[in-house]
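Okay, thanks for coming, everyone.

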Amino acid sequence: MKKKLGWLSLILVFMLAVTACSGNTGGNNAGGGNKEAGSADPSGSKEAPYEVVYAYPAFSNVPADIQEVQEAINRISVDKINVKVKLLPISNSAFTNQINLMLSSGEKLDMFAMLSSYSNQVAKGALYPIGNIMEANAQGTIDALGIDYYNATKVGGVSYGVPSLRDLAQDFGIVVRKDIVDKYNINLDEVTTFDDFELIFKAVKDNEPGMAGATNLTNGSILSTYGIQDPLGNNLGVLLNHGLDDLKVVNLFASDEYKQIVTKIREWYEAGYLVKDAATSPELNNVMVKSGKAASWLSAMKPGFETQESRNVGVDMTAARTQAPVAMTDTVTNVAIGVAATSEQPEKALQFLNLMYTDKEIVNLIDWGIEGKHYVKAEGSDNVIKYPDGVTGDNVGYKSDGWMHGNQFLSYVFEGDDPEVYVKMNEFNQSAAKSKALGFTFNGDSVKAEIAACNAVLDQYRRAIESGVLELDKALPEFLKKLDDAGINTIITEKQKQLDEWAAGNASK
């Protein structure tokens, strides 16, 4: 009898082993394409969590508590999608080179953020074509962005990345010291056009010896972040009026509109309204304003801009807006996140990305760290936070740049900012006019030599002309002649061809 039981036991063990093996079929499915992103693995697989390495530019030292924050994120993400993340901040100055090295060497990299380099990374083949697997793994991200802003990243009809959800449009105007506005009763409601900036400049000139009306942007011109064009990637062939009128590509620098603007800037320079060494000064614009050397600068803007710049400058700033908000491809893709072409499991990377756009707890861990240690809720608020007692921006153990990491609209608002800033920013994005070329990305491979030659000409002339320091009767014709010789019209012809093809393809959809 004992012998019979022994054989039965062996048979039972064998059957259980076979059942266990068959139960794991598909457990190593890398994509998870048949699962709803953000949900637990329905197979009940016990496989080890996939680690997503997420690299992004950093503008300060690596936070001391990054490992602790990472572990808190992973407790959530492993439970939801069986994925953990390794946060990899890289110094902004070394970021591009480091990403290129990681991609070429085969070092593990799954996902990375991009600042004004999205189209270049697509052209280099650095990004996985996520558009083919987005709906199965990150539909929530598409829903959060909205179809127009999601489609703005498409190149050749395929998306290779998604923009962070922040200010996806821009309005334009001037940001000026509030004490100057108040002291001289400057009515900013009267500043509604470019020429009206003179109301501010004249008041400063007449009353504040040693203070310029406006300064240039750091290492740039007066016009560095104030424009009238959709740059179509590089400003070598643009759409005027931010692309709101038509799809006619023109030479911005040869346009009547540009000549009128730089002529006015030259008048302001000769009147003593502008910083005299604006074409060469390396001094920071916010330092110039704080120190009393200048009262203002021209800028692209967004909701909450005045509060942001007050904090950056160290004195109260106010603003006047002269152009309504508009969204262009460049404003959408200038901060984007993509999956590395070398990722072993791009579906898993997308599933984690999806949490960055849909999961408020994940978003705030990445943006702010751990509640109670790196921040606390302000009294009476579930959405406004501040530093805990004894903690400051200088000694906090974790901080990051929330505008870079997914859906900023799910992020807490730091005390001092408008509690409704992200509600207003979302309304700003939704109400903004959209360039007719929103979603078009120029491929300059066939005109690389011309682009390089034209950029050299821009470096020689543009900053000086747009800061008012050169006599236009001589400098502007020279500038335009050298652009012609460098091949700007060849670039414009190629850009118009690609834009027309893109527009025809979109019209047929």
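So, secondary structure: the protein comes to 19 helices and 16 strands, where helices (H or I, at least four residues) and strands (E, at least two) are DSSP runs numbered from the N terminus. Keep in mind that this is a predicted model, so local features need pLDDT of at least 70 and side-chain atom pairs count only at pLDDT 80 or more, while totals for chains, interfaces and linings use all residues. Residues are numbered from 1 along each chain as its sequence is written, and side-chain values use heavy atoms, with hydrogens and water left out.

Overall, the C-alpha trace spans about 110 × 55 × 40 Å along its principal axes. Of the 509 residues, 51% count as buried; buried is under 20% relative accessible area, exposed is over 50%, and partly exposed is in between, with a 1.4 Å probe and protein chains only. Take contacts, meaning heavy atoms within 4.5 Å: among those between residues at least 6 apart in sequence, 77% join residues at least 24 apart.

Now the cores. A nonpolar core here is a set of buried Ala, Val, Leu, Ile, Met, Phe, Trp, Tyr and Cys residues joined through side-chain atoms within 4.5 Å. The largest has 62 residues, and those with the most contacts inside it include Phe194, Phe197, Leu298 and Phe479. Leaving aside residues up to four places away in sequence, Phe197 touches Gly173, Ile174, Val191, Tyr226, Trp268, Leu298 and Thr322. There's also a second, separate core of 54 residues, with Leu87, Met134, Phe352 and Tyr357 among them.

The axes of H14 (residues 346-358) and H15 (residues 360-368) come within 6 Å and cross at roughly 90°. That makes H14 roughly perpendicular to H15, the label for 65 to 115 degrees; under 35 would be roughly parallel, over 145 roughly antiparallel, and the rest oblique. For the axes, think lines fitted to C-alpha atoms over the stretch in contact, with angles from 0 to 180 degrees between N-to-C directions. H14 brings Phe352, Leu355, Met356 and Thr358 to the contact, and H15 brings Lys360, Ile362, Val363 and Ile366.

How enclosed is H15? Seven of its nine residues are buried, so H15 is largely enclosed by the rest of the structure. Those buried residues run Ile362, Val363, Asn364, Leu365, Ile366, Asp367 and Trp368. Their cover includes H2, H14, strand E14 (384-386) and strand E15 (413-414).

On to charges. The whole structure has 21 salt bridges, each a side-chain nitrogen of Lys or Arg within 4 Å of a carboxyl oxygen of Asp or Glu. One joins Lys80 to Asp359, with the closest N and O atoms 2.4 Å apart. Lys80 lies in H2 (residues 66-81) and Asp359 in the loop between H14 and H15, so the pair ties together parts 279 residues apart in sequence. Lys80 is partly exposed at 30% relative accessible area, whereas Asp359 is buried at 8%.

Another bridge pairs Arg321 with Asp171, 2.9 Å from N to O. Arg321 sits in strand E11 (residues 317-327) and Asp171 in strand E7 (residues 170-177), so this pair ties together parts 150 residues apart in sequence. Here Arg321 is partly exposed at 30% and Asp171 buried at 6%.

Last, Glu466 and Arg462 meet in a salt bridge at 2.7 Å, N to O, and both residues are buried.
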